[in-house]
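Welcome, and thanks for joining this tour. Please open your viewer, and get ready to select residues as we go.

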Amino acid sequence: MGITENWNSFVEMTRAKAESHAKVAQYWDTVHNALSLTLIFLSAATTLCTLLPVHNYIPAGLGAATTLVSAISGFMAPSARRQIQTEASKAFRSLMLRMVRCETEREYEELWKEYTKELLGEPFLPKKYKVAADTNFTMSPEFMLVVAQKQHELSEGLGNYAAAQPTLSNFENIVPGGSLEKTGSLADCQSSKRASAVLDDEHPIGPIKDGDIELLVRSE
């Protein structure tokens, strides 16, 4: 059950990440194309204005605009960003398809390791381009067995500890005359009138506490 749910989560997550990075790559591709076309148009206009009998300010203004757009394009590097996002999208899509075709447990474990590596090197993804993925992780069957064994050992340890604790039946109440008598249970001790019979002014009684058990000892 755990492997099946984790398999579905893996496929869903890698699909969502592949689509998200593909959207970012498309965005930077659009920016790259727009800046490149703008540079081509401005360069051509600047060259044309230098050949025509126009005012000198026009070619100078077009040349300044060309320089500005070129600087913006170089700073933003949309082509490089597009390439990075494209590679990330391909990597996650490849993991998804390999998981779909997974046939052995060893290959399944290796794909999870590769997914972890891809997460560590994943490029920045803007929030508005993230694709929501409905994932529900569970423990693997092997780890579930380990947890169950640890819980069983803990339950046994607590049971042995509780059994080793002193109970009322392990103690003896001192009665008048120095004789000792064992008490069978807490109900017998509560119903007995012996404690009230030995309470007098000459023989005060002091309580002794051991855990939650309190015994009344008659002081001679």
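A residue counts as buried when its relative accessible area is under 20%. Keep that cut-off in mind at each stop. Please remember too that this is a predicted model.

**Stop 1: the whole chain**

Show the protein as a cartoon and you will find 7 helices and 4 strands. Follow the chain along its sequence and the pattern reads α-α-α-α-α-β-β-α-α-β-β. Of the 220 residues, 23% count as buried. Among contacts with a separation of 6 or more, 64% are made by residues 24 or more positions apart.

**Stop 2**

Next, look for aromatic rings; the structure holds 7 aromatic pairs. A pair of rings is described by how far apart the centres are and by the angle of the planes.

Which helices hold the two partners? Phe-92 lies in helix 3 (residues 78–100) and Tyr-115 in helix 4 (residues 105–120), so this pair ties together parts that are 23 residues apart in sequence.

Are these two residues buried or exposed? Phe-92 has a relative accessible area of 0%, so Phe-92 is buried. Tyr-115 has a relative accessibility of 5%; because that is under 20%, Tyr-115 counts as buried.

**Stop 3**

Trp-112 has a relative accessibility of 18%, and because the cut-off is 20%, Trp-112 counts as buried.

**Stop 4: the cluster and a lysine**

Which residues form one aromatic cluster? Select Phe-10, Phe-92, Tyr-108, Trp-112 and Tyr-115 together, and you have the cluster in view.

Where does Lys-17 lie relative to Phe-92? Turn the view until you see the ring of Phe-92 from its face: Lys-17 lies over that face, at 5.9 Å from the ring centre.

How values were computed: Residues numbered from 1 in each chain as written. Predicted model: local features only at pLDDT ≥ 70, side-chain atom pairs only at ≥ 80, totals over all residues. Heavy atoms only, no water. Helix = DSSP H or I, 4+ residues; strand = E, 2+ residues; numbered from the N terminus. Buried < 20%, exposed > 50% of the residue type's maximum accessible area, 1.4 Å probe, protein only. Contact = heavy atoms within 4.5 Å. Phe/Tyr/Trp six-rings, centres within 6.5 Å; stacked < 30°, edge-to-face > 60°. Lys NZ or Arg CZ within 6 Å of the ring centre and 35° of its normal.
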